[in-house]
Amino acid sequence: MTDKKTIIAFDLYGTLLSTESIAKELARHFGDEKAQAVATLWRRYQLEYTFRMNSMLLYKPFSEITNTSLRHAISEHKLALAETDIESVMKAYNSLSAFPDALTGLEKLAKDSGTDAYVFSNGTNEMVSSSVHNSPELSKFKELFKELITVEEVKYYKPHPKVYEHLVRKVRGSVEKKDCEDVWLVSGNPFDIVGARHAGLMTCWVDRSKGGWNDTLGDLASGGPHLVVEGVDAAVREIQRVSKDQ
């Protein structure tokens, strides 16, 4: 068994924090049904923009991508939103609620001296800091995280290999193969899992919908998740078990 601490890097949006309140904010303007459709399309374009920008070797802050993709989704649905209302929707990112299973998992992790926790996000430093510190529930664990690591410094987005190299360098000091050992990414996003595994990290996919792993791109890369769980609490438990067995 190694003396090196286990590292768990948690994706933020959709893994620790629920974005449901975003749809609720949109519902104030469009009603529940249209709001859900806009929120779904918004998320799709938010991610699509990051993928396209990676391919174009272009970087713009995630806050700008989030704002622009919201406008795209609203426009595609033939709707309109005043600038002040767009600003209020964007501000909802600063007070997202945490998933209950995430809180249980972090409580367990707080008692584990052999594991260091990090947040690892596509968001800007300002967005991520605001989200963690202003979330009604997650803010209670802000001291648990050794660092809030974002892609802003490296100026690429997940799943570009450079962002995972950036993560490993931050938590281990270098990016040799041995440095990736026992560095875990916990994420609810399949593209994040495939990217991290291809970069040599250990991966744990949070499958809250219980739909099972269906992303076969991993078959063309380096595989799918090492672990599949239904919540962050189970992710922490299983990673601790695997780490103790090594």
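1. Two strands are taken to pair if DSSP finds at least two bridges between them. Helices (H or I, at least four residues) and strands (E, at least two) are DSSP runs, numbered from the N terminus. By these rules β1 (residues 6–10) pairs with β2 (residues 115–121) in the parallel sense, over five bridges. Within β2, Asp116 is the residue opposite Ile7.

2. This is a predicted model, in which local features need pLDDT of at least 70 and side-chain atom pairs count only at pLDDT 80 or more, while totals for chains, interfaces and linings use all residues. Residues are numbered from 1 along each chain as its sequence is written, and side-chain values use heavy atoms, with hydrogens and water left out.

3. The sheet is open and has six strands, ordered β3-β2-β1-β4-β5-β6, with parallel pairing. Its edges are β3 (145–150) and β6 (227–229), each of which pairs on one side only. From one strand to the next the twist averages 25 degrees.

4. Angles run from 0 to 180 degrees between N-to-C directions, with axes fitted to C-alpha atoms, for helices over the stretch in contact; contact means heavy atoms within 4.5 Å.

5. Buried means under 20% relative accessible area, exposed over 50%, and partly exposed in between (1.4 Å probe, protein chains only). In helix α1 (residues 20–30) the buried residues are Ile22, Ala23, Glu25, Leu26, Ala27 and Phe30. They pack against α2 (32–56), α3 (62–76) and α4 (83–91). Ser113, in the loop between α5 and β2, counts as exposed because its relative accessibility is 62%.

6. The whole structure holds eight aromatic pairs. Rings of Phe, Tyr and Trp (its six-membered ring) pair if their centres lie within 6.5 Å; planes under 30 degrees apart count as stacked, over 60 as edge-to-face and the rest as tilted. Phe51 and Phe191 are edge-to-face, at 5.1 Å centre to centre and 75 degrees between the planes. Phe51 is in helix α2 and Phe191 in helix α8, 140 residues apart. Phe51 is partly exposed at 32%, whereas Phe191 is buried at 16%.

7. Tyr59 and Tyr157 have ring centres 5.2 Å apart and planes at 25 degrees, so this pair is stacked. Tyr59 is buried at 16% relative accessibility, and Tyr157 is buried at 0%.
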